[in-house]
Amino acid sequence: MTWTWDRILVDLVGLGLICFIVWFFWLVRTKGVRAAVTSGGYQEQMVLVKGGYTPDVIVVEAGKPVRLNFVRQESASCSEMVLLPAFNKSAHLPEGQTVPVEFLPKDRGEFEFACQMGMFRGKLIVE
Ligand SMILES: [Cu+2]
């Protein structure tokens, strides 16, 4: 293989792009999605359940009620339950239905939610 300047340039641009994508998605994943406050005063977030939770990091404020609307779009039994042990909540998620899970986060911190086997995991960041 012969190296020419335009080939090296293409490689560098490609490498830069990969670095940017990794950095971008890493940053988005770390920051998470902030739940929107709806008219009822709830901090609401839709969570898609399909091969995992999307989004899997949700940011909320302490002291305000939260409503997570889980929508399961798969039939794998793995995800039929979602557990939020920190808030003593769990819910059965029938396929294709929107299941609201409501709770009041009192303390700041990071709290996990997961399927009953702990294979799918998500995180709630309370600020
Ligand atoms: Cu599971």
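User: To begin with, are Phe70 and Phe113 buried or exposed?

Analyst: This is a predicted model, and in it Phe70 is buried, as is Phe113.

User: How many aromatic pairs does the structure hold?

Analyst: The structure holds six aromatic pairs. One of them joins Phe70 and Phe113: the ring centres are 5.9 Å apart and the planes stand at 75 degrees, so this pair is edge-to-face. Phe70 belongs to strand 6 and Phe113 to strand 10, so the pair ties together parts that are 43 residues apart in sequence.

User: And how are the rings of Phe87 and Phe103 arranged?

Analyst: The centres of the Phe87 and Phe103 rings are 4.3 Å apart, with planes at 25 degrees, so that pair is stacked. Phe87 sits in the loop between strand 7 and strand 8, while Phe103 is in strand 9, so this pair ties together parts that are 16 residues apart in sequence.

User: Why does Phe87 count as buried? And why does Phe103?

Analyst: The cut-off for buried is under 20% relative accessible area. Phe87 has a relative accessible area of 16%, so Phe87 is buried. For Phe103 the value is 7%, so Phe103 is buried too.

User: Which residues do ring pairs link into a cluster?

Analyst: The cluster consists of Tyr53, Phe70, Phe113 and Phe120, linked by ring pairs. A further ring, that of Tyr42, has Arg67 lying over its face, at 3.9 Å from the ring centre.

User: New topic: the metal. What are the protein donors of the copper ion?

Analyst: The donors from the protein are the O and SG atoms of Cys78 and the SG atom of Cys115, at 2.1 to 2.7 Å from the copper ion. Cys78 lies in the loop between strand 6 and strand 7, and Cys115 in the loop between strand 10 and strand 11, so the two tie together parts that are 37 residues apart in sequence.

User: Are those cysteines, Cys78 and Cys115, buried or exposed?

Analyst: Both Cys78 and Cys115 are buried. Cys78 counts as buried because its relative accessibility is 11%, and Cys115 because its relative accessible area is 2%.

User: How many disulfides does the structure hold?

Analyst: The structure holds zero disulfides.

User: What is Cys115 in contact with?

Analyst: Setting aside neighbours within four places in sequence, Cys115 is in contact with Tyr53, Cys78, Ser79, Met81, Leu83 and Phe120. As for His92, which is 23 residues from Cys115 along the chain, the C-alpha atoms of the two are separated by 10.0 Å.

User: You mentioned Ser79. Where does Ser79 lie, and is it buried or exposed?

Analyst: Ser79 is in the loop between strand 6 and strand 7. Its relative accessibility is 0%, so Ser79 counts as buried. Not counting residues up to four places away in sequence, Ser79 touches Val49, Arg72, Glu74, Leu93, Cys115 and Phe120.

User: Last topic: how do strand 10 and strand 11 pair?

Analyst: Strand 10 and strand 11 pair in the antiparallel sense, over six bridges. Within this arrangement, Phe113 stands opposite Gly122 in strand 11.

User: What about the turn? How many residues are between the strands in the hairpin of strand 10 and strand 11?

Analyst: That hairpin has six residues between the strands, and Gly118 takes a positive phi near 75 degrees there. Cys115, a donor to the copper ion, is also found in the loop between strand 10 and strand 11.

Technical notes. Residues are numbered from 1 along each chain as its sequence is written. This is a predicted model: local features need pLDDT of at least 70, side-chain atom pairs count only at pLDDT 80 or more; totals for chains, interfaces and linings use all residues. Side-chain values use heavy atoms; hydrogens and water are left out. Donors are N, O and S atoms within 2.8 Å of the metal (3.2 Å for Na, K and Ca); water is not among the atoms, so sites may look incomplete. Helices (H or I, at least four residues) and strands (E, at least two) are DSSP runs, numbered from the N terminus. Buried means under 20% relative accessible area, exposed over 50%, partly exposed in between (1.4 Å probe, protein chains only). Contact means heavy atoms within 4.5 Å. Two strands pair if DSSP finds at least two bridges between them. A disulfide is a pair of cysteine sulfur atoms within 2.5 Å. Rings of Phe, Tyr and Trp (its six-membered ring) pair if their centres lie within 6.5 Å; planes under 30 degrees apart count as stacked, over 60 as edge-to-face and the rest as tilted. A charge sits over a ring if NZ of Lys or CZ of Arg is within 6 Å of the ring centre and within 35 degrees of the ring normal.
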